[in-house]
Amino acid sequence: MICHVVRKRFRSAYGETWPCHVSTFGFAIVAALLFLPCLLHAETGAEAWLRYAPLPEADRVKYASLPANVVVLSDSPLLRSAQQEMVRGVRGMLGTTLREDSSQIDEASIVLGTVSDLRAAGIDLQAPPELGRKNNGFWIKAARVAGFSCTVIAGSDERGVLYGVFAFLGKIARHQDVGVLDEAQQPYAPIRWVDQWDNLDGRIERGYAGPSIFFDGGSVRTDLTRARDYARLLASLGINGCTINNVNANPKVLEDSFLPQLARVADVFRPWGVRLSISVNLSSPKAVGGLDTFDPLDARVEEWWRKKIDAIYRLVPDFGGVVVKADSEGQLGPSTYNRTPADAANVIARALKPHGGVVFYRAFVYNHHLDWQQLKNDR
């Protein structure tokens with residue numbers, strides 16, 4: 001076959017499956033000439049499962065009653081992303097462009113906002129009680145609002161609204177009925193991060209799909225368009241955090257001059273509800289901090305971590321936290337000073353705690369024959 005489409009499905013944090021269409025080609029020059037119409041319509045795969053491909057005309061009929069207006073009840077980067085995504089998805093799949101209104105409901109509308117926004121706007125709808133128990137949940141409800149037939153997408157918070165929009169558009173992509181919805185969903189786990197293995201020089205450890213979208217030549221890329229697009233894809237699956245550098249971390253990532261570069265990545269993540277996190281090298285207090293030790297029980301080391309984490313949060317207020325790999329595969333760790341992994345994790349955790357950050361301490365368990373009393377063992 002000269003031109004074919006491989007279809008795969010990805011599962012979101014809410015259990016939804018999302019269609020992914022990736023075009024692949026194998027052809028000779030003669031075949032390319034013979035099948036030129038097929039090649040002209042080739043896809044790059046960049047849109048992944050968010051293609052929003054036009055629905056067949058016969059399937060568009062079932063969405064004829066979809067409101068032509070989308071209202072956002074409050075203003076924020078996340079809600080603007082939700083509104084723009086709704087417009088983008090409907091335009092792509094149904095060929096119609098929704099009107100965008102800020103907060104006025106004077107016709108049938110798709111209404112976006114948090115549960116608190118609904119109350120503030122005087123919209124008398126009783127949200128499912130489970131929506132208030134966790135963050136990032138959403139509720140999609142067909143209801144009468146201000147006398148008009150509306151589709152309400154409400155979130156327990158702003159991130160939940162965005163996830164609700166993606167879920168709603170996913171239903172249209174799968175040709176499902178959206179006219180009588182009354183559905184609430186919540187993520188199973190509060191921390192839903194992905195880890196990149198990107199190096200600061202642009203290489204990706206065990207990478208096979210090209211250079212890093214974050215780094216090049218020892219710095220954060222000037223053009224972060226693809227990083228922004230990646231954040232959008234992550235948000236569509238309910239992912240709320242991304243560690244952008246290799247777990248075999250370059251200490252340079254914590255140099256004072258590098259932190260503003262990290263803030264630029266956080267800026268393109270933020271409109272999609274994805275929190276920036278980074279991998280850190282446990283030896284950083286010595287490698288880039290000018291100390292003569294990185295002993296986690298040394299008071300100077302603890303103070304160094306506190307100041308460094310504070311500096312990150314001044315630039316990135318929604319910073320997610322750090323990943324640490326130590327005493328494994330050549331990475332320096334607490335065994336250098338006869339300290340435990342708990343000692344190493346806690347010195348960073350204490351610095352993160354006032355900001356609500358998280359530390360993931362990566363460990364290896366190769367077999368059950370290791371002597372755990374030997375701190376030098378690769379663990």
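Trainee: In β12, which residue is the bridge partner of Asp195?

Mentor: This is a predicted model. To read a pairing, pick a residue and look across to the neighbouring strand. Here Asp195 has Thr243 of β12 as its bridge partner.

Trainee: How many bridges join β9 to β12, and in which sense do they run?

Mentor: Three bridges link β9 with β12, residues 241-243, and the two strands run parallel.

Trainee: What is the strand order in the open sheet of five strands?

Mentor: Follow the pairing from strand to strand. The order is β9-β12-β13-β14-β15, with parallel pairing. The edges are β9 (193-195) and β15 (358-362), and each of these pairs on one side only. From one strand to the next, the twist averages 20°.

Trainee: Now β5. How many of its five residues are buried?

Mentor: Buried means under 20% relative accessible area. Five of the five residues in β5 (residues 110-114) are buried, so the strand is largely enclosed by the rest of the structure.

Trainee: Which residues point which way from β5?

Mentor: Check the two faces in turn. Ile110, Leu112 and Thr114 point one way, Val111 and Gly113 point the other way, and all are buried.

Trainee: Which residues stand opposite Ile110 in β3 and in β7?

Mentor: Look to each pairing strand. Strand β3 (residues 69-72) pairs with β5 in the parallel sense over three bridges, and Val70 stands opposite Ile110. Strand β7 (residues 148-155) runs parallel to β5 and is joined to it by five bridges. There, Thr151 is the bridge partner of Ile110.

How values were computed: Residues numbered from 1 in each chain as written. Predicted model: local features only at pLDDT ≥ 70, side-chain atom pairs only at ≥ 80, totals over all residues. Heavy atoms only, no water. Pairing = 2+ DSSP bridges. Helix = DSSP H or I, 4+ residues; strand = E, 2+ residues; numbered from the N terminus. Axes fitted to C-alpha atoms, helices over the stretch in contact; angles between N-to-C directions. Buried < 20%, exposed > 50% of the residue type's maximum accessible area, 1.4 Å probe, protein only.
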